[in-house]
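Hi,

Here is the structure I promised you. Have a look at it first, then read my notes below.

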Amino acid sequence: MAVRRALRPVPNPLAVLPAVRTVLAVGACAALGAATGNLIALGLMYFGAACSAVFATAGIYRTRLLFLVSQGLGAAIGLAIGTMTTALVGKIAISAAVALICGMVGAIGPACTAGAVMTVVGLAYAQFSGLAMPWWQQAGWYLLGTVIVAVPALLPGLVEGQRHQRRVVADVFAAAADLLQSVGTADDHRLRVALAARSVAARAAVWENRLMVPRR
């Protein structure tokens, strides 16, 4: 019974819109790659779009922007470091050093984790892809794929603004009012749990765009 509960999917709505955005972004990369006739550039754009889509799926728009910038810079840094040497010993030493540093940086907060992860991924890609293209061209095509994903993922934020944060904070006040009205009734425990859940959601919405979430 416990295993079945643990494997049960979370009752959240399917991410249909982010999936559609990703498909359209990949299609745009394919069209651009076909227009230029550069399959290597197409692969790098797809690499950037696929990785960026992970960081542009959820969260407030400032958080999406922060994550996209962090992962893009991390990937570019990793691609640059990965081309420093072709010697096996040098590759191993560089990989170990980068993994150590990225592990420490990634612990700062979620946004830093995005950059740290993509630094390691970019490093591995540069070391083992065998591309003769200079690192700055690889990074440029990768970032172009990121931009293709970022545009549709961030544009609605120009209209919505901070509406999401205000809504979840208002939910906390509404839940607190409901709890005060039901103290001593049968709904008391249920409303306490609802207030705690909405408080967690509001805290996440307010702090998720920060580099570091303050500890309690």
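The crossing of helices H3 and H7 is right-handed, meaning that the near helix is turned clockwise from the far one by less than a right angle. This is a predicted model, where local features need pLDDT of at least 70 and side-chain atom pairs 80 or more, while totals for chains, interfaces and linings use all residues. Residues are numbered from 1 along each chain as its sequence is written, and side-chain values use heavy atoms, without hydrogens and water.

H3 covers residues 39–55 and H7 residues 135–154; their axes come within 7 Å and cross at roughly 50 degrees.

Now the rings: the structure holds 3 aromatic pairs (ring centres within 6.5 Å; stacked under 30 degrees between planes, edge-to-face over 60, tilted otherwise). Phe47 and Tyr125 are stacked, at 4.6 Å centre to centre and 15 degrees between the planes. Tyr125 sits in helix H6 (residues 110–129), 78 residues from Phe47. Phe47 also pairs edge-to-face with Tyr142, at 5.1 Å and 70 degrees. This pair ties together parts 95 residues apart in sequence, because Phe47 lies in H3 and Tyr142 in H7.

Phe47 and Tyr142 are both buried (under 20% relative accessible area; exposed is over 50%, partly exposed in between). Tyr125 is partly exposed at 25%. Together, Phe47, Tyr125 and Tyr142 form one aromatic cluster.

Cheers

How values were computed. Axes are lines fitted to C-alpha atoms, for helices over the stretch in contact, and angles run from 0 to 180 degrees between N-to-C directions. Helices (H or I, at least four residues) and strands (E, at least two) are DSSP runs, numbered from the N terminus. Rings of Phe, Tyr and Trp (its six-membered ring) pair if their centres lie within 6.5 Å; planes under 30 degrees apart count as stacked, over 60 as edge-to-face and the rest as tilted. Buried means under 20% relative accessible area, exposed over 50%, partly exposed in between (1.4 Å probe, protein chains only).
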